[in-house]
Amino acid sequence: MYKKSLVFFAAAFVLGGCSTNKADAPAEESSEAAVQSSQEMVQESSSESVASESSAVESSASSEAADTETDSEDMAPVSEEEVANAEEATDLSQYEELTYAKDQIDLSDYESRILTDNPGKRVMLFSDGNQQAYKTIYIKHNNWLKVIDLNNDGLVVNESIK
């Protein structure tokens with residue numbers, strides 16, 4: 001609201017300063033039309049701003065809902081290519097989500113690999129030799145943890161951890 005008022009007064013000031021002091025009717029009509037035009041532009045701008053803000057909120061909400069829902073891709077075993085490209089995780093204590101996963105499964109029995117670790121998401125695989133056992137998916141921006149049992153196609157944990 002403050003920005004709208006500021007834009008309106010700035011436009012009125014600029015347009016008022018550009019007008020002449022002649023008392024002819026056409027000049028008054030054109031300055032009034034310009035003020036009205038600037039008001040319409042401000043209204044259009046504000047409605048576009050509101051629309052973009054609401055779509056951003058909807059997008060964020062749908063993105064968050066998508067993160068917490070478990071789809072078939074989450075439940076699927078990891079491809080051999082992904083496992084081959086994954087980095088081995090040696091110090092599990094540095095991953096905060098595993099504190100919560102350890103309550104459900106004994107991770108010390110498994111070899112751990114980091115499949116993905118980016119600013120938004122970390123995916124880890126726990127396997128016993130060539131047999132994939134568990135996969136963890138940690139959504140960082142909302143602290144959501146999923147622990148998936150790959151042998152039984154079961155979801156062990158699917159909750160916020162903070």
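Trainee: Which residues of the largest nonpolar core touch the most other members?

Mentor: First, the conditions. The model is predicted, so local features are taken only at pLDDT of at least 70 and side-chain atom pairs only at pLDDT 80 or more, while totals for chains, interfaces and linings use all residues. Residues are numbered from 1 along each chain as its sequence is written, and side-chain values use heavy atoms, with hydrogens and water left out.

A nonpolar core here is a set of buried Ala, Val, Leu, Ile, Met, Phe, Trp, Tyr and Cys residues joined through side-chain atoms within 4.5 Å. Buried means under 20% relative accessible area, exposed over 50%, and partly exposed in between (1.4 Å probe, protein chains only). The largest core has 17 residues, and those touching the most other members are Leu92, Leu98, Leu107, Met124, Phe126, Leu145 and Val147. Two or more residues each come from helix H5 (97–101), strand E3 (121–128), E4 and E5; E4 gives the most, with three. Helices (H or I, at least four residues) and strands (E, at least two) are DSSP runs numbered from the N terminus. A second, separate core has nine residues, among them Val78, Ile139, Ile148 and Leu150.

Contact means heavy atoms within 4.5 Å. Beyond its neighbours within four places in sequence, the residues in contact with Leu145 include Glu97, Tyr100, Ala101, Ile137, Val157 and Ile161.

The strands belong to an open sheet of six, in the order E1-E2-E3-E4-E5-E6, with antiparallel pairing. Two strands pair if DSSP finds at least two bridges between them. Strand E1 (87–88) and strand E6 (154–160) stand at the edges with a single partner strand each, so one side of each has no neighbour in the sheet. E6 is joined to E5 by six bridges, and Lys146 has Asn158 in E6 as its bridge partner.

E5 also contains Asp149. Asp149 is buried but has no salt bridge, and the nearest side chain of opposite charge, that of Lys135, is 12 Å away. Lys and Arg count as positive, Asp and Glu as negative, and His and the chain ends are not counted. A polar atom of the Asp149 side chain does lie 3.0 Å from the backbone nitrogen of Asn151. Leaving aside neighbours within four places in sequence, Asp149 is in contact with Ala133, Tyr134, Gly154 and Val156.

Elsewhere, charges do pair. A salt bridge is a side-chain nitrogen of Lys or Arg within 4 Å of a carboxyl oxygen of Asp or Glu, and the structure holds four. Asp117 forms one with Arg122, at 3.2 Å between the closest N and O atoms, and one with Lys140, at 2.7 Å. The Asp117–Lys140 pair links distant parts of the chain, 23 residues apart: Asp117 is in strand E2 (residues 111–117), and Lys140 is in the loop between strand E4 (131–139) and strand E5 (144–149). Asp117 is partly exposed at 43% relative accessibility, as is Lys140 at 24%, whereas Arg122 is buried at 8%. Glu97, Asp117, Arg122 and Lys140 are linked in a salt-bridge network. Glu111 and Arg113 also meet in a salt bridge, 3.4 Å from N to O; Glu111 is partly exposed at 35%, and Arg113 is buried at 15%.

Conventions
A polar contact is a pair of N or O atoms within 3.5 Å; within protein, one must be able to donate a hydrogen and the other to accept it, and residues adjacent in sequence count only if both atoms are side-chain atoms.
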